[in-house]
Amino acid sequence: MKTRNLIYLTAIFSVLFISGCSSGSEYDAFAQCLTDSEAKFYGAFWCPHCQTQKNMFGSSFEHVNYIECSLPDRSDQTEICKEAGIKVYPTWEFADGKRIEGQISLLQLSQLSGCNLAG
């Protein structure tokens, strides 16, 4: 009887663990839509608001068009960010040229980009 209970518990925990691991990709379609719609996310690796913004996407962040603006030693900006006139991190830029400076919610990103948050 104890062995059977152990098998059931192991199976339940395995399902829960696998479910938890796969949930990181829930925003893949949304993140890809942002990129397809030419939305750009300018940020810096050392910026805490940028890290929070990235974390909102979970593993789906790999589909976002992210542009790193900081040089590795933090001494200056990359040329692409200088040319784009980026002054604040994070900055989101959309196809129509509109920019939003600062961290924003995924719902706001959905509204600004026209991308469906549900995928």
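The legends below describe close-up views of a predicted model. Local features need pLDDT of at least 70 and side-chain atom pairs count only at pLDDT 80 or more, while totals for chains, interfaces and linings use all residues. Residues are numbered from 1 along each chain as its sequence is written, and side-chain values use heavy atoms, with hydrogens and water left out.

**View A. Salt-bridge network of D76, E79 and K82.** A salt bridge is a side-chain nitrogen of Lys or Arg within 4 Å of a carboxyl oxygen of Asp or Glu; the whole structure has 3. K82 pairs with D76 at 2.8 Å, N to O, and with E79 at 3.6 Å between the closest N and O atoms. E79 and K82 sit 3 residues apart, about one turn, in helix 4 (residues 79-84); helices are DSSP runs (H or I, at least four residues) numbered from the N terminus. D76 is partly exposed at 38% relative accessible area, and K82 is partly exposed at 36% (buried is under 20%, exposed over 50%, partly exposed in between; 1.4 Å probe, protein chains only).

**View B. Salt bridge between R99 and E93.** The closest N and O atoms of this pair are 2.9 Å apart. R99 is partly exposed, with 30% relative accessibility, whereas E93 is buried at 15%.

View C. S113 counts as buried because its relative accessibility is 18%. Its side chain reaches the backbone oxygen of L109 at 2.7 Å. Beyond neighbours within four places in sequence, S113 is in contact (heavy atoms within 4.5 Å) with L34, S37 and F94.

Technical notes
Polar contact = N/O pair within 3.5 Å; in protein donor to acceptor, adjacent residues only side chain to side chain. Helix = DSSP H or I, 4+ residues; strand = E, 2+ residues; numbered from the N terminus.
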